[in-house]
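Hi everyone, thanks for making time today.

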Amino acid sequence: MRYAYSLILLFIFSLMLASCAVNLFSPLAAKDYPEANQYQAQNLIDQGKYDEILKDPDKYPAQDNAAAALGIMGFDLKLLTNFLKPTDNSSLDILLRWVDIKDTNYIKDLGYALKRLRNEYGSSIEKSITLLLAGSALSMLGLLILADIANTNAINTSDGINENEIDVLSYWLSNPPDNLTNLFRRIGDIDRDGQDETIAGVIGRGFENFFLGLQSITSLSPELANVSILINLSNIVSSLDPDGDGIISDTDVSNFIVSFLSNLISSPN
Amino acid sequence: MKKILYILTVLSITYFGFGATLQPYEHINLFQGAFSTGMGKATTAVKGLGTESFLANPANGDKKFSFDIISINPFQFNNTTLQLLRDIQEIQQTQDFTKLFDYIGTPVNVRLGVNLIGFNIPIYDFSLNFGIFATVYAYLEVHNPLSTAGLLDLLGFSAASFFIGTSYSFKHLDFGNPEVNKYLSNLSVGLNMKFVFTGAVNTKLTLGDLLLGSDHLNKIISEELSKLTGITNPLLKPDIGLSYELPIDEMQKVNFGLSILNIGGIPIGDFYIPTTFNFGTAYSYDLSTLIGNRMLLKNTSVSLDFHDIFFQRKDKDFFKRLHIGLKTDLANLNDIIVVSLGLGISQGYPTFGVGFKLATFKINYSISAEELGVYAGQDPDVRQNISISIGW
């Protein structure tokens with residue numbers, strides 16, 4: 001009986017060592033259903049395991065898909081807090097830092113997430129904010145790819161892109177050597193709809209989503225404080241479709257980008 | 001460029017009041033004893049754990065007189081809590097809530113239960129139970145705010161309850177039919193009436209709240225925390241239970257237990273503890289007689305519980321409701337000096353508990369994991385539980 005007693009004690013200490021880390025029922029539990037997948041997505045994002053979500057994005061909610069695509073490109077909370085706290089960095093530095101040029105490989109993930117999020121953003125402020133951020137990220141990625149293609153000696157995208165390089169890019173776009181053919185270079189099927197897209201299309205879609213996110217937030221939240229901001233936004237949005245035909249063409253986009261970047265370099269940081 | 005940032009910031013700042021409430025996947029109960037946690041919470045059919053047994057099933061009233069005065073049961077915490085307690089002072093001084101980002105994805109949990117008094121008084125075939133217990137529970141978790149989880153889950157409640165109830169054994173009740181008497185004599189029924197006062201904080205902070213800045217966050221958190229002291233009107237919530245003891249022979253018996261707890265549900269702020277039907281069975285074997293030593297392995301039983309039979313909790317996972325337990329007195333010297341052991345599997349996670357009793361002083365320690373996720377094995381939170389009491 002002493003032997004049995006010792007066995008029991010050994011079993012106890014084994015359990016203590018296991019320290020509750022292993023779940024004995026887990027192999028039996030059902031794991032693949034919407035509630036479980038949503039919770040799993042939140043956990044994976046919190047742990048920074050963005051690639052796990054991007055491997056099988058349809059399994060997870062569109063917002064989490066977009067959050068993972070942003071996360072893998074370097075968007076994190078610490079960067080977000082730079083908006084809150086005064087820092088020595090210029091605002092341009094802050095924006096440039098949050099999309100790392102090395103991560104343009106994930107532009108397809110972001111494009112696909114945006115396509116999914118577009119179907120549901122208007123129902124929630126949070127989704128609209130994510131759409132807004134993802135839209136601006138997509139635009140920025142398009143610009144970075146364009147800068148890469150520009151291949152001027154003044155822009156070296158391999159180590160990111162800095163404020164001076166943005167100025168060069170803006171000048172280059174505003175004063176193109178012949179025309180903006182690079183804007184219409186095809187860079188693959190970004191949103192997995194079976195059709196290749198142009199850089200202009202990607203940038204335009206990014207801005208379009210950015211503004212849709214903004215409009216959704218303003219419509220869902222009536223407490224908008226600054227009316228002049230609304231007017232500015234309205235002007236910017238309408239400049240995407242200056243002829244007002246409801247169709248945003250590549251030409252509309254290229255004109256918009258030139259106009260936008262021209263304004264960008266002329267505005268103080 | 002500044003224009004974009006300005007637009008982004010201003011628009012985000014204009015977002016007010018969209019914070020949702022949090023209904024967690026954790027199976028939270030009003031009362032949770034430290035020792036029963038160590039034995040996997042499989043106590044619906046287990047008698048002899050005093051207040052812990054009675055609150056799990058009102059038919060579990062003990063045949064022995066017992067009482068507790070001013071017991072702490074449980075003091076529960078996880079490892080992150082200790083770290084946060086060190087950082088919280090700094091956060092308060094600097095008002096820099098971004099320090100919370102270090103805790104992304106790591107839940108902080110604290111629970112303190114205090115039983116001011118708890119009596120079990122056997123009277124003929126009745127067992128009268130009454131007492132007062134109070135619970136403070138806090139749960140906090142920071143998330144990446146772009147995900148569907150939002151920025152911060154904050155859930156806490158304080159509850160105070162006076163309970164009075166009784167269990168009744170049919171042992172001596174004559175139904176006029178020997179066959180019926182034979183079967184029903186093993187049956188006990190119980191009723192427990194709880195008068196519950198609660199206060200709660202329950203919110204899910206969002207990205208918009210974060211972008212409004214530290215002052216805004218501080219304001220929301222302060223407002224929410226003040227709700228903890230905003231005690232509601234008392235709720236009267238009954239529990240009922242059944243217990244059936246099936247002797248096999250002189251050394252073995254099987255107990256079946258069925259309890260319906262928190263009938264009508266307990267709303268705690270926007271958070272809700274539903275009515276749960278719980279079924280349990282326990283098999284007891286007199287190991288001390290078997291080994292010929294009355295001091296060793298006394299009061300040994302293994303138990304199996306299925307909680308929330310009708311799936312009223314937020315998740316619908318079968319295995320999160322399954323609890324397996326074992327308890328025994330490793331050493332028992334006439335109930336004056338007792339060393340107890342509890343082992344179990346709660347929601348799939350191994351649990352361990354040990355208790356020590358010296359005359360009127362009792363202390364229990366247990367380690368367990370609580371499933372915070374949707375299914376068993378998704379997101380464990382390892383917690384330690386301590387109880388200290390004076391009583392008999």
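A quick definition before we start: when I say helix, I mean a DSSP run of H or I with at least four residues, numbered from the N terminus. Please also keep in mind that this is a predicted model.

Let's begin in chain A, with helix α4, which spans residues 62–72. How many of its residues are buried? Eleven of eleven, so by our cut-off of 20 or more other C-beta atoms within 10 Å, this helix is mostly covered. Among those buried residues are Gln63(A), Asp64(A) and Asn65(A), along with Leu70(A) and Ile72(A). Just past the end of α4(A) comes Gly74(A), with a positive phi of about 105 degrees.

Now over to chain B, which has eight helices and 16 strands. Along the principal axes, the C-alpha atoms of chain B fill a box of roughly 90 × 40 × 35 Å. Of the 392 residues in chain B, 49% are buried.

Let me finish with one residue, His27(B), in the loop between α1 (2–13) and α2 (34–38) of chain B. Is His27(B) buried or exposed? It counts as buried, because it has 21 C-beta neighbours inside 10 Å. Leaving out residues up to four places away in sequence, His27(B) touches Arg313(B) and Lys320(B). As for Ile386(B), it sits 359 residues from His27(B) in sequence and 19 Å away in space, C-alpha to C-alpha.

Technical notes. Residues numbered from 1 in each chain as written. Chains lettered and ligands numbered in written order. Predicted model: local features only at pLDDT ≥ 70, side-chain atom pairs only at ≥ 80, totals over all residues. Buried ≥ 20, exposed ≤ 12 C-beta atoms within 10 Å, placed from the backbone. Helix = DSSP H or I, 4+ residues; strand = E, 2+ residues; numbered from the N terminus. Contact = placed C-beta atoms within 7 Å.
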